[in-house]
Amino acid sequence: MKQNIYETFDGIKIIHVSGEVTPDFWEEVPHSHDHNEIFVHLCGELDIFVEKNLYHLSGGEIRIYRSNELHCGKTDKKQYMEWYQISIPYSFFKTPRNKDFGRILFEREAGKENVFISKRNHELAELLKEAESKKGEYSRHYLYCAVLKLLCIINEADSTVLDVGENPILSKLTNAVNTNFRELSSVEELGHMTHYSTSYINKVFKRHLNITPHRFIIEKKLSEAKNALMNGLDVSEACDAAGFNDCANFITLFKKYFGTTPKKWAKLHSVK
């Protein structure tokens, strides 16, 4: 497995990954980031979960995750894979000159239209490869320009959204969490809501997402809390917005998952 990592400007990072990938590479539970991610997927099969939907990738797709959108990926076989990952801070899209670049990320529902095929996908791959090959004083500038052009291209309306895979039971459970996370505090409550036993719910989440349903509920609440903090709510308001009953417990969980307190995190990431 080969990973080339490049820094450009405005906090943008590009990672080019290629080589043999084994299933344990993807053993990561649903998670979210403070930054936005765009993947140009060149080859290899991959199943991804985003918020409540499953997608299957086979090469040639583009996938996008905006700030604090729950997602994970996995594959069941050893295979050669290659992709470019572009990580862009949320703050990049908040400046007036860059606001239009974020349409494809932010003008959609969470978990919808995350994977699509652009008519210019081959051009995107060549664009990134050419920029990566540049060496010397201006290499970062070439990469930065490539990212801006990529953002222009994927915001054009010439792409086909990939169909969402069907898994009715997992969809029912994750929909219940996404819709009712503020009121949910236990797997038992999720069971009453969906009419499944707690043991069966645990089995479904472990099999498809490699996560316990309890942790999935917590991840969803924390993701919403970060959204609230990012948009200017104080710690107490974010705690309420995410459905935590105890502010002290919320602060403890936030620090455990993200390594800092909600107040300190908000100072770095608030856009209000």
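**Reading a predicted model through its definitions**

Modeller: A polar contact of 3.4 Å links the side chain of His 33 with that of His 31. The model is predicted, so local features need pLDDT of at least 70 and side-chain atom pairs count only at pLDDT 80 or more, while totals for chains, interfaces and linings use all residues. Side-chain values use heavy atoms, with hydrogens and water left out, and residues are numbered from 1 along each chain as its sequence is written.

Biologist: Why is the pair of His 33 and His 31 called a polar contact?

Modeller: The term requires a pair of N or O atoms within 3.5 Å; within protein, one must be able to donate a hydrogen and the other to accept it, and residues adjacent in sequence count only if both atoms are side-chain atoms. The separation of 3.4 Å is within 3.5 Å, and therefore the pair qualifies.

Biologist: Where does His 33 lie, and which residues does it touch?

Modeller: His 33 is in the loop between β2 and β3, where helices (H or I, at least four residues) and strands (E, at least two) are DSSP runs numbered from the N terminus. Setting aside residues up to four places away in sequence, His 33 touches Ser 67, Asn 68, His 71 and Lys 226; contact means heavy atoms within 4.5 Å. The C-alpha atoms of His 33 and Ser 223 are 8.7 Å apart, although 190 residues separate them along the chain.

Biologist: Why is Asn 36 called buried?

Modeller: Buried means under 20% relative accessible area, exposed over 50%, and partly exposed in between (1.4 Å probe, protein chains only). Asn 36 has a relative accessible area of 1%, so it is buried. The residue is found in strand β3 (residues 36–43), and its side chain reaches the backbone nitrogen of Ser 67 at 3.0 Å. Beyond four places in sequence, its contacts include Tyr 65, Ile 86, Phe 93 and Leu 105.

Biologist: What makes His 16 a buried residue, and which side chain does it meet in a polar contact?

Modeller: His 16, in strand β2, has 9% relative accessibility and therefore counts as buried. Its side chain makes a polar contact of 2.7 Å with that of Glu 82.

Biologist: On which side of the cut-off does Leu 162 fall, buried or exposed?

Modeller: Leu 162 has 19% relative accessibility, so it counts as buried. It is placed in the loop between β10 (159–161) and α4. Residues up to four places away aside, it touches Tyr 55, His 56, Glu 61, Val 115, Phe 116 and Ile 117.

Biologist: What is noted about the phi of Glu 51 and of Glu 113?

Modeller: Phi is near 60° in Glu 51, a positive value in a residue other than glycine, and near 55° in Glu 113, again positive in a non-glycine residue. Most residues other than glycine have a negative phi. Glu 51, in the loop between β4 and β5, is buried because its relative accessibility is 3%. Glu 113 has 46%, so it counts as partly exposed.

Biologist: How is the span of α4 set against the expected one?

Modeller: The expected span of a helix is 1.5 Å times one less than its number of residues. With 13 residues, α4 reaches 18 Å from its first C-alpha to its last, close to the 18 Å expected. Among its buried residues are Leu 170, Leu 173 and Val 177. The buried residues of α4 pack against β4 (46–50), β5, α5 (187–194), α6 (198–209) and α7 (213–230).

Biologist: How much space lies in the largest pocket, and which residues are nearest its centre?

Modeller: The largest pocket holds about 340 Å³. Of its 17 lining residues, Trp 26, Glu 28, His 31, Phe 39 and Gln 85 lie nearest the centre. The largest share of that lining, 3 residues, comes from β7.

Methods: On a 1 Å grid over the protein atoms alone, a cavity is a set of points where a 1.4 Å probe fits but cannot get out, and a pocket is an open set with protein on both sides within 12 Å along at least five of seven lines; lining residues have an atom within 4 Å of a point. Grid points are joined across faces, edges and corners, and a volume is the space filled by probe spheres set on the points.
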